[in-house]
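Please keep the sequence and the 3D view open as you read.

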Amino acid sequence: MLVDSPPEPSAETAPAPPTRRAIRAAGLFVSVAVLVLVALASIAIGAKELSLEQVWHGLFEDSGTYGDVVVSERLSRTVLGLLVGAALGLSGAVLQALTRNPLADPGLLGINAGASAAVVTAITFFGVTSLSGYVWFAFAGAAVVGALVYFLGGSRGSTPVRLALAGTAISAALYGYLQAVMIMDEAALGKMRFWTVGSLSSATDSTIGQVLPFLAIGTVLALVLARPLNAMAMGDDTARALGAHLGRTRALSMAAATLLCGAATAACGPIMFVGLMIPHLVRSFTGPDMRWILPYATVLSPVLLLGADVIGRLVARPAELQVGIVTAILGGPVFIFLVRRRRTAQL
Amino acid sequence: MKAPRNQAGHHHLERTQAERVERDQAERDQAVPARAFRGRTVRAGGGLSVRVDIRAFTVVALLLVAALTASVVLIGTGDFPIPATDVLKTLLGNGDAGQEFIVNELRLPRVLVGLLVGASLGLGGALFQAISRNPLGSPDVLGLGQGSTAGALVMIVLFSGSATQVALGALIGGLATGFAIYVLAWKQGVHGYRLVLVGIGVAAILTAVNGYLITKADLVDAARAVVWMTGSLNGRDWAQVWPLLILCAVLVPLVLGNARGLRMLEMGDDVAYALGVRVERTRLLLLVAAVLLTAAATAAAGPVGFVALTAPQLARRLTRSPGPNLVPAMCMGATLLVVADWASQRAFGADQLPVGVVTGVLGGVYLLWLLATERKAGRI
Amino acid sequence: MRADGKMSGKSSGTTSGKSSGTTRTGADGGPHMNDQGSTVNRLSAESVTLAYDQRVIAEQLSVEIPDNSFTVIVGPNACGKSTLLRALSRMLKPNQGRVLLDGQVIQSMPAKKVARTLGLLPQSSIAPDGITVGDLVGRGRYPHQGLLRQWSTEDERVVRESMTSTGVAELADRYVDELSGGQRQRVWIAMALAQQTPLLLLDEPTTYLDIQHQIDVLDLCAELHEEQGRTLVAVLHDLNHAARYATHLIALRDGSVIAEGRPSDIVTAELVEEVFGLRCQVIDDPETGTPLVVPAGRKARTTAAPAAGVTKG
């Protein structure tokens, strides 16, 4: 899966000193191990605690016991968490590199607003009630708004501020619409208020099946873009001088981010902050090389998302706290800490 | 006193000086163009002088006329329409008893709250944008709106509080958030970008808290919360007018008195220091004023969307003047809110749709239009 | 190299006596008299320790700015020259020691009063969107204005004069964002001039300018110093520019003064090597006779380096 990542040092970039590469590679293995642990915890912990033995039994020798049913339910939730987490982290990393803006995240670029507006439209005007029905609307909304922001933000001469302004403007208009519908249609409010906080609790195998193709395409696209995005990081002129195709890279990056984030939002509602925070954290460890940032983000984002989901299940037992709420409450302070630590934060 | 130079140097110096004197003379003859300084200066005896930017002055006057006209029309609008002439007559104290009750007790306070909230949000937004040196640095983005909302939602959801309690909760929430953001962003002074970034972080946390509170609520409270969160002028009366009016009466002169220092801050902290502005003090004072204005306005009408973001930007485009454009932004905010209230009542019937919906849509569409035209002009 | 007899020959590091206080034509009166009735320099730093956060830039640094001089501070990157300028202009508060302006601790003086005495052209300044040159220069009058005295005829006269003497008068109604780098720098200098301060501090005024505009700006500074009698302090990168234009040179390394005095007295090959770690020759500038630093050729430097034990860092 890690298409474009080292270990082999490439010809045109100087290889990192072997020790640093070893540390990074080791860090990646440790991250994967942590991810496996968190995933197991996600299956074991909940309203009904399961022992590891039961988890094992449920995973590999399904024989229809109560424990096995719980496991299979939690399994789809965990798998969705893995996929969505990875998608959010990757799309955040790609968007931040694309806009050269450490603040870029799907929320700031209006993708969440697009998905939300589309879902409320589906509920109110098309009478869609099932979650699997929302998915397509959410995805279409995210894609349309993503494209719109990209073009309004000045497809060629886009600057971080322009993109952020375009995202804010579209969000403003769409949230106005969203609120109008929610005020006039109480049934829509009843559904939307749970959808907009972002949750993994409604995961089913069919949801996973619906979003999986988009996530797969988006992931491959994002990982392939690591090298051109590295070149872009040094400014348009330098990138051009290095032989990168600016227009193509921008369009593909935006497409990858929209696929990933649109599918993730469609599956579990707008989950904030994972896409903003994880690339930040990863960068402080790996440095600016996208070939390391992307794999790390892919692994660590689901750690945060699943971890937040587990915490959300633990703190409010037997009910649960939606994962979107937990990620923001955990992520916000970390983000503020990061902002404060920098000498001068640049936008 | 001259620097030591050798003979050749002197010659060189004299030559260049002669050239420069000639050039200077030529430049002096060519008078400094009249357009160089904006506006007219009114001078009085005793060294008093006040500068007035004519275009900005005109814009402010027109906005005031528009706001007052819209107010009169708005007072006349409703289930029981009153012609504009009767509205004016009633306001001047010559109306009949029935109209007097409707105008003075029901509709006038609502319009006044709209005007004051709009003005406060416009001024607060202009201050935040100027201090953060960022057109996105509005109270909505910095988390103040979310803070007020959190305070109000606690009252609505956890205590099923009365309207007054909700307003109080919003006020406390807004002020506490403003304080928290300032403290968190403080690190040997408050840097503009750090303020915005910390604000975004705080906003995200509070949004999550608000989302949680709404999922906890029963559907009736949730509906009430959503209406409050949108921003609404329904059922506002004199009890909301007086506190806002007093606050504005104190803060607006204070802010305008410090506006010149704020203009200097636009050029960077160093330049402002060099010009003798006490940078941190000015900034803190204006931030406190902006937080108070925004929190009070939000307490009175809910976090009316995007007025604080768009009013200063619109005002700036109309006056075409650099600087924070505080007075135009204030008038623009008031006009925007009253017109939006009128539009929502006309389009959807009385009290159907809260004013915040319309300001959100208007603001968003305006910003998009702005981006599209500025994209053509090649400027951001 | 000829030392002109009528010039006040200042030797390095001393608090120089004033040759005359009468040549001053600038705004704010004559040199400050202290209690003993003797004259001292208006601006000085007394054993200051300067630091950002916990990073100490300079310790126990003392500097005097001779009145009516064109003082230039030079030194390698990160030697603390801009930091020193920031301290002198009260942007940075010393952790220890004090900066004195007219005998008073600069931080304790009213902000506007300092701003009428001491101007600064910082490296980072932001031209507000859509502001005209005239309006920007006019903002330099801020310390002379008040709420009820916003734009006097005097303000207008000074602004026009500042624009004329910097050669931006014909740009007065242009927008600042439309100007070239050189024009913009002259506009900012005009703004600092409109402040009408007898002391003017400039932080790398020639950075990002091409050679012609660099010389333009420096000529302008020399003129301000000679004709208007202002005391100028500038941080410059180019040692040859410094040697040509300065009347008083301060060479810094690692936060301490290595040498100060008239360029013709102190600029030697040994000093350049000590301060910048660069082997060079110093010859007479054929135009002005001031010292001209010619870096040694690459061969000479590389072969001679180990033997000569070039100072590093």
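E161(C) is partly exposed because its relative accessible area is 44%; buried means under 20%, exposed over 50%, and partly exposed in between, with a 1.4 Å probe and protein chains only. This is a predicted model, in which local features need pLDDT of at least 70, side-chain atom pairs count only at pLDDT 80 or more, and totals for chains, interfaces and linings use all residues. Residues are numbered from 1 along each chain as its sequence is written, chains are lettered from A and ligands numbered from 1 in the order in which they are written, and side-chain values use heavy atoms, with hydrogens and water left out.

E161(C) sits in helix α4 (residues 153–165) of chain C. Helices (H or I, at least four residues) and strands (E, at least two) are DSSP runs, numbered from the N terminus.

T249(A) belongs to helix α11 (residues 246–268) of chain A. T249(A) counts as buried because its relative accessibility is 5%. Leaving out residues up to four places away in sequence, T249(A) touches L225(A), P228(A), L229(A) and M232(A); contact means heavy atoms within 4.5 Å.

Now chain B. It has 16 helices and 2 strands. Of its 380 residues, 57% count as buried.

The second largest pocket is next. A pocket is an open set of points on a 1 Å grid over the protein atoms alone, where a 1.4 Å probe fits, with protein on both sides within 12 Å along at least five of seven lines; lining residues have an atom within 4 Å of a point. This pocket is lined by 32 residues, and R51(B), V52(B), D53(B), R263(B) and Q150(C) lie nearest its centre. α11(B) gives the most to the lining, with 4 residues.

| Lining class of the second largest pocket | Residues |
|---|---|
| Nonpolar | 18 residues |
| Polar | 7 residues |

Ala, Val, Leu, Ile, Met, Phe, Trp, Tyr, Cys and Pro count as nonpolar, Asp, Glu, Lys and Arg as charged, and the others, Gly among them, as polar.
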